[in-house]
Amino acid sequence: MSASYSRVITADFDGNGREDLFLIHPGQSEDSLASAVLYCFREGEIRRSAEVSLSAPAQELKRVTLGKLRDGVMAVFASSSLDENNLVTDILTAADHRVMPLQMGIQTPTLHNYYLYPQDIDADGYLELPVLRQLEVPKEAEPQYCIDWFSPDAAGERELKLSTYHHFDDGWYFRLNPL
C-alpha cells in the first residue's frame with residue numbers, strides 16, 4: 001500500500017484492537033481542499049474508506065489532534081488557518097470503517113494574534129472547542145474577551161464546560177465563575 005498524505009494519525013477507531021490509519025491528503029492543486037481517509041484492516045486486507053473533504057487546503061493545516069468527544073467517541077480535530085485572523089476546525093469521527101464528518105467549518109477568530117485550538121482545558125479526558133465571547137467593559141476601554149469551552153458529542157451537540165480569561169503574553173489563564 002502507498003498513499004500520499006500531509007498528516008497521519010494511528011488509532012483504534014473501530015475498537016477491534018488494531019490500529020487504523022487516518023490520513024489527511026493534499027488536494028489536487030495548492031488551492032484544493034484537503035481530504036481525510038481511513039485505512040482499516042478487515043477480512044485479511046487493508047481497506048480504504050471514501051474521502052471526506054476538509055474546510056481548507058492541506059498547506060493551511062495548523063494542528064491535527066486526536067481526542068475523545070464527551071461521550072467517549074474517538075475523534076480527529078483538524079484546525080486550519082483561514083487567514084491571519086481566523087482558524088477553522090473540522091471534527092471527524094470514524095464509524096463502519098469510514099470517515100464521518102461530525103462538525104465542519106467551525107470558525108474561531110484569533111485572540112491578540114494567538115490561534116485558539118481545541119484542547120482538554122479541564123483535564124477530564126475529552127477535548128473542548130474554544131469560542132470567543134466579548135466581555136462587557138466601559139465604552140472607552142479596549143474590548144476584552146473570554147473563551148467559552150464547549151465539549152462536543154457524537155450527536156453534534158455542544159455543552160459549555162467552562163469559561164477562561166487568558167493572558168497569552170505572560171502564559172497564564174484563570175477560570176471564570178459560571179454566569
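Modeller: A salt bridge here is a side-chain nitrogen of Lys or Arg within 4 Å of a carboxyl oxygen of Asp or Glu. This is a predicted model, in which local features need pLDDT of at least 70 and side-chain atom pairs count only at pLDDT 80 or more, while totals for chains, interfaces and linings use all residues. Residues are numbered from 1 along each chain as its sequence is written, and side-chain values use heavy atoms, with hydrogens and water left out.

Biologist: How many salt bridges does a search of the whole structure find?

Modeller: Side chains of opposite charge can pair when their charged atoms come close. With the cut-off above, the search of the whole structure gives a count of 9.

Biologist: Which residue forms a salt bridge with Glu 43?

Modeller: Glu 43 is exposed, at 68% relative accessible area (exposed means over 50%, buried under 20%, partly exposed in between, with a 1.4 Å probe and protein chains only). The closest N and O atoms of the pair are 2.7 Å apart, and the partner is Arg 47.

Biologist: How far apart are the closest N and O atoms in the salt bridge of Glu 51 with Arg 48?

Modeller: Glu 51 is partly exposed at 45% relative accessibility. Arg 48 is partly exposed, at 45%. The closest N and O atoms of this salt bridge are separated by 2.5 Å.

Biologist: How many residues apart in sequence are the parts that Lys 161 and Asp 122 tie together?

Modeller: The two residues form a salt bridge, with the closest N and O atoms 3.1 Å apart. Lys 161 lies in strand β12 (residues 158-167) and Asp 122 in the loop between β9 and β10 (129-134), so the separation in sequence between the parts they tie together is 39 residues. Strands are DSSP runs of E, at least two residues long, numbered from the N terminus.

Modeller: To restate the value asked for, it is 39.

Biologist: Is Asp 122 buried or exposed?

Modeller: Lys 161, its partner, is partly exposed at 28% relative accessibility. Asp 122 has a relative accessible area of 18%, and counts as buried.

Biologist: Which strands stand at the edges of the open sheet, each with a single partner strand?

Modeller: 4 strands form this sheet in the order β6-β7-β8-β9, with antiparallel pairing (two strands pair if DSSP finds at least two bridges between them). One side of each edge strand is left without a neighbour in the sheet, because each has a single partner; these strands are β6 (61-68) and β9 (98-109).

Biologist: Which residue in β7 is the bridge partner of Val 64?

Modeller: β6 and β7 (residues 74-83) run antiparallel and are joined by 7 bridges. In β7, the bridge partner of Val 64 is Ala 78.
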